[in-house]
Number of protein chains: 2
Amino acid sequence: MHLRLLSLGFGNVGRALAAMLAAKADELRDRHDLTLSFTGIVTRSTGPVIFEEDVSAAHLVETAWPDGRVGAPVPPLLGDVLALIRQSPADVVLELTPLNPHSGQPAIDHIRAALATGKHVVTANKGPIAYAYRELRALAREHGVALRFESTVMDGTPLFGMAEACLPATTIHGFRGLLNSTSNYVLGRMAAGETLEQAVAGAQRLGIAEADPSNDLEGWDGAVKATVLANVLMDADIRPGDVDRSGLGAEAMRAARTALAPGETLKQLVVAGRSDSTGVTRASVRLAALPPSDFFAHLSGSETALMLRTDTMQDLTLIEGEGGPGQTAFGLVADLVAIARA
Amino acid sequence: MHLRLLSLGFGNVGRALAAMLAAKADELRDRHDLTLSFTGIVTRSTGPVIFEEDVSAAHLVETAWPDGRVGAPVPPLLGDVLALIRQSPADVVLELTPLNPHSGQPAIDHIRAALATGKHVVTANKGPIAYAYRELRALAREHGVALRFESTVMDGTPLFGMAEACLPATTIHGFRGLLNSTSNYVLGRMAAGETLEQAVAGAQRLGIAEADPSNDLEGWDGAVKATVLANVLMDADIRPGDVDRSGLGAEAMRAARTALAPGETLKQLVVAGRSDSTGVTRASVRLAALPPSDFFAHLSGSETALMLRTDTMQDLTLIEGEGGPGQTAFGLVADLVAIARA
């Protein structure tokens with residue numbers, strides 16, 4: 001099978017994806033019967049670029065696209081990405097634009113346009129799954145295409161793939177997770193004696209934290225991830241605004257550190273559970289003082305973890321070592337292979 | 001799809017499987033289009049029992065089989081289980097007999113007989129996979145049937161399912177694991193001040209340790225699991241006797257505890273890796289003094305863990321909370337669903 005890709009966004013993750021597809025091209029062809037090409041790429045700096053002939057991932061890597069640009073901008077479409085998506089001959093639209101944690105837009109519209117015109121969608125942007133999962137899932141089913149999103153939580157750690165392929169006849173009652181590495185890295189540095197400001201600056205130097213770290217420290221990133229997990233894995237129907245984010249932010253972090261008992265470790269913890277009586281799923285992001293008996297307390301700031309509470313395997317935990325664009329790219333590759341297999 | 005099962009062995013795991021299949025019958029039928037029945041069961045105490053008409057898992061549970069026995073022993077076949085397997089009308093043979101860690105027999109012969117007569121095999125017995133994986137895999141392919149074994153390591157934790165379904169284009173370079181809960185439970189109790197003898201007796205009371213715990217404490221169980229993982233996940237071709245098991249056993253456990261530095265935790269650790277230069281995979285089971293920075297040090301004795309070292313996701317870890325027959329049964333269910341899906 002050959003899949004033609006249209007990539008919306010092409011930053012660190014897009015480049016890592018091209019690198020992985022180039023490095024794994026033989027293996028994907030020989031072991032998974034899958035070849036891939038790019039029909040076009042849309043970025044903020046280049047605008048929409050349609051290639052006259054599809055280009056390979058290897059070619060994008062070799063030319064360090066867009067530096068050694070292949071293809072030309074398409075001025076008439078500039079600003080009308082939705083028309084470009086609808087008219088694209090691509091089989092798969094990759095949604096790699098930045099997260100809008102408060103609405104999921106404009107990525108939701110991108111995905112609607114793709115699905116409605118019969119294109120598969122693979123998204124690393126978690127906004128659309130947090131804000132419009134049920135609608136988009138129904139749209140994908142209606143048009144007989146796939147909507148996949150492995151890279152939305154814990155990079156490409158196979159959370160959704162495992163639940164889909166490996167946990168049949170299983171009910172997930174709840175979960176707890178260390179999902180925001182920026183917050184947990186910063187808390188770890190504060191435990192090592194740094195001030196919040198020093199820790200944030202260090203995280204920014206390492207590329208872990210963004211220029212404005214408030215989405216991480218105030219729990220919006222965690223709330224969006226909790227929503228994705230609850231809605232997909234627990235069949236809930238919540239929105240990020242429904243997630244309890246009390247007691248977060250810079251001041252709370254300083255106060256919680258001061259109040260910590262000896263032996264305890266402070267983490268930004270995501271928790272969700274379904275009420276036995278009402279069936280309602282509640283989720284929260286909070287600062288938790290973990291006792292030393294909790295192995296979550298001993299994960300480094302750059303590790304992420306998700307413990308699923310199930311009725312078959314009881315507690316089952318996945319831990320990702322230090323993540324990054326390469327691991328996010330892997331999740332996209334896994335989704336593309338899953339589309340080819342189906 | 002309807003699958004008829006012949007179960008070789010029907011102890012704690014067999015009973016847990018019947019209970020899970022009974023409890024999940026509606027879900028398996030509605031969500032996975034799968035119904036199941038038992039054509040026969042072979043145990044040491046009952047001999048081979050063939051049911052005149054297939055019985056449901058619910059019926060086995062209700063009659064507390066073999067107490068309220070359904071069907072009758074088949075005396076002419078007694079002692080010739082292989083003939084029974086060959087002649088059985090079952091679609092799937094469940095290999096649930098006890099592990100022989102030194103040869104994998106007679107379970108290897110059971111599986112050969114099943115595959116060679118066109119029956120799928122689901123085994124919780126890891127001996128055949130440790131001693132004859134390549135041969136049995138080839139036999140299964142030749143006859144167009146499945147050979148599945150999710151429950152052989154860490155109960156039903158989806159190690160093999162995840163590698164198969166969710167880690168495409170990925171090379172596993174090595175792994176480290178806490179795979180033997182008996183040893184790690186005993187080491188945990190020793191850390192809490194008990195003698196080895198007290199800890200073993202406690203583990204036996206809890207049903208964690210067998211009457212003769214030497215297969216666990218001397219690393220045979222770990223060596224068999226390391227072999228299964230290396231041969232399946234890393235395409236190695238080793239046998240349990242190739243796994244380095246130096247410095248194990250009761251005397252070594254006492255000595256290693258005494259030699260432990262402050263803050264260190266003693267665990268029975270399984271490690272495997274492929275040499276970059278020779279491509280040869282080496283595996284070991286040993287007592288390891290883990291520093292407090294290693295989260296494996298903070299897992300309880302009843303938790304098991306496997307960290308895969310990959311070229312795509314880097315380090316990816318699966319942790320099972322306290323396991324037992326129910327989790328092993330779940331792995332069998334997952335394998336049966338995978339057969340129905342394929």
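1. What distance separates the centres of domain 1 of chain A and domain 2 of chain A, taken over C-alpha atoms? In this predicted model, that separation is 28 Å. The domain assignment of chain A, whose bounds come from an automatic or database domain assignment, gives domain 1 as 2–155 + 325–341 and domain 2 as 169–320.

2. On conventions, this is a predicted model in which local features need pLDDT of at least 70 and side-chain atom pairs count only at pLDDT 80 or more, while totals for chains, interfaces and linings use all residues. Residues are numbered from 1 along each chain as its sequence is written, chains are lettered from A and ligands numbered from 1 in the order in which they are written, and side-chain values use heavy atoms, with hydrogens and water left out.

3. The contact (heavy atoms within 4.5 Å) between these domains takes 16 residues from domain 1 of chain A and 23 residues from domain 2 of chain A. Together the two domains bury about 1600 Å², 66% of it on carbon and sulfur atoms, where buried area is the accessible area (1.4 Å probe) that two parts lose on being put together, summed over both.

4. Three salt bridges are counted between domain 1 of chain A and domain 2 of chain A, a salt bridge being a side-chain nitrogen of Lys or Arg within 4 Å of a carboxyl oxygen of Asp or Glu. On the side of domain 1 of chain A that touches domain 2 of chain A, the largest share, six residues, comes from helix 6 (residues 127–142) of chain A; helices (H or I, at least four residues) and strands (E, at least two) are DSSP runs, numbered from the N terminus. A salt bridge also joins the side chains of A:Asp235 and A:Arg134, at 3.6 Å from N to O.

5. In helix 8 (residues 181–191) of chain B, the buried residues include B:Tyr185, B:Val186, B:Leu187 and B:Met190, buried meaning under 20% relative accessible area, exposed over 50% and partly exposed in between (1.4 Å probe, protein chains only). Their cover includes strand 8 (172–178) and helix 12 (249–258) of chain B. B:Gly193, whose phi is positive, near 110°, follows helix 8 of chain B.
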